[in-house]
Amino acid sequence: MAARFTPLPRNANTSLTLAPLRRGPADPTFQTTPDGSIWRASRTPAGPGTLRIQENGAEAYGPGAAWLLDALPALLGAEDDPTAFVPRHKIVATTARARAGLRLTRTGLVLESLIPTVLEQKVTSTEAYRSWRQLVRTFGEPAPGPVPEGMYVMPDARGWAAIPSWEWHRANVDGKRAATIVRAARVAARLEEAAHMPPAEARKRLELIPGIGPWTSAETVQRSNGAPDEVTTGDLHLPGIVGWALAGDRSADDAAMLELLAPYEGQRHRAARLILLSGRVPPRRAPRMAPGDIRAL
């Protein structure tokens, strides 16, 4: 075990900051416990590690413990500058005040954000979370340390690349998404370098992999690089939510969304995140997308 006291960024809300890293309520790599601790199991460059974050400091376990503690300030948003953000709309200003503890996390790890994001391509969140859970539990390894029950570290790159086709099928992952993950795993070292690049350059590197487009690259670097301006395009819901919140336009497309977010250039992702946190969404006009299941095919 390694332990270190790391002061939180001033007025930061740790739970809010780390929320994007949790892939569903039963994510085997992320848990919160009744004592208020936040637990994360990660595959670091030094090996598997588990991080426990408490109000008065943090401790870590496993071969990756020192790496996780070194990366902790950035994870908690110490490299983020919320003072650079200037609200231009009432709803954004109101939410920014109410969520003043929001910081943008930076994990410094690409693959752990990229793979679950690929799993979320063109399926419901429920489906993607279930697939992530099954694959990590089946092919990962128990998280090191005295951790809450059921915590696992995801497979390493070689492990992802070696998953047989039928196991992807059993996890309800179609061939296209599985092939994208395998291609990414085979060049994992090059992709991990992107965590230290400017976000726009990092996205270009990720998009060299067939199957990784603007939606996936943005969702990844928002987490791995702490990118305040990399707004997600190609999303089924986000343009309509932003359009509705800022202009009453529930039919907004990507172009309209980017036009509305133009006053926030340099901070467009933060603005979009605050809009999502505002809870202001257009009334539903159609049933929710039904989950699909390819396992019986």
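Trainee: What is the relative accessibility of D293, which counts as partly exposed?
Mentor: Go by the cut-offs: buried is under 20% relative accessible area, exposed is over 50%, and partly exposed lies in between (1.4 Å probe, protein chains only). D293 counts as partly exposed because its relative accessibility is 44%.

Trainee: What pLDDT do local features need here?
Mentor: Some ground rules: residues are numbered from 1 along each chain as its sequence is written, and side-chain values use heavy atoms, with hydrogens and water left out. This is a predicted model, where totals for chains, interfaces and linings use all residues, side-chain atom pairs count only at pLDDT 80 or more, and local features need pLDDT of at least 70.

Trainee: How far apart in space are D293 and A171?
Mentor: D293 belongs to the segment after α14. In sequence, 122 residues separate D293 from A171. From C-alpha to C-alpha, the distance between D293 and A171 is 9.3 Å.

Trainee: How many helices does the protein chain have?
Mentor: Helices are DSSP runs of H or I with at least four residues, strands are runs of E with at least two, and both are numbered from the N terminus. The chain has seven strands, and its helices number 14.

Trainee: What is the radius of gyration of the protein chain?
Mentor: That value is taken over C-alpha atoms, and the globule rule is 2.2 Å times the number of residues to the power 0.38. The rule gives 19 Å for 297 residues, and the chain comes close to that, so it is as compact as a globular protein of that length. Its radius of gyration is 19 Å.

Trainee: How much of the protein chain is buried?
Mentor: The C-alpha atoms fill a box of roughly 50 × 50 × 35 Å, taken along the principal axes. Of the 297 residues, the buried share is 50%.

Trainee: Which residues does L114 touch?
Mentor: Contact means heavy atoms within 4.5 Å. Not counting residues up to four places away in sequence, L114 touches A184, L191, I212, T216 and T220.

Trainee: Which helices do the buried residues of α12 pack against?
Mentor: Helix α12 (residues 238-247) has eight of its ten residues buried, so it is largely enclosed by the rest of the structure. Those buried residues are L238, P239, G240, I241, V242, G243, A245 and L246. They pack against α3 (90-98), α13 (254-261) and α14 (268-278).

Trainee: And which helices do the buried residues of α3 pack against?
Mentor: Look at α3, where I91, V92, A93 and T95 are buried. The buried residues of α3 pack against α12 and α14.

Trainee: Which residues is L18 in contact with?
Mentor: L18 is in helix α1 (residues 14-18), and it counts as buried because its relative accessibility is 0%. Leaving aside neighbours within four places in sequence, L18 is in contact with F30, I38, I53, L75, L76 and T105.

Trainee: What is the phi of K122?
Mentor: K122 sits in the loop between α4 and α5, and at 77% relative accessibility it counts as exposed. K122 is not a glycine, yet its phi is positive, at about 60°.

Trainee: What about the phi of N172?
Mentor: N172 is in the loop between α7 (165-170) and α8. At 5% relative accessibility, N172 counts as buried. N172 is a residue other than glycine with a positive phi, near 65°.
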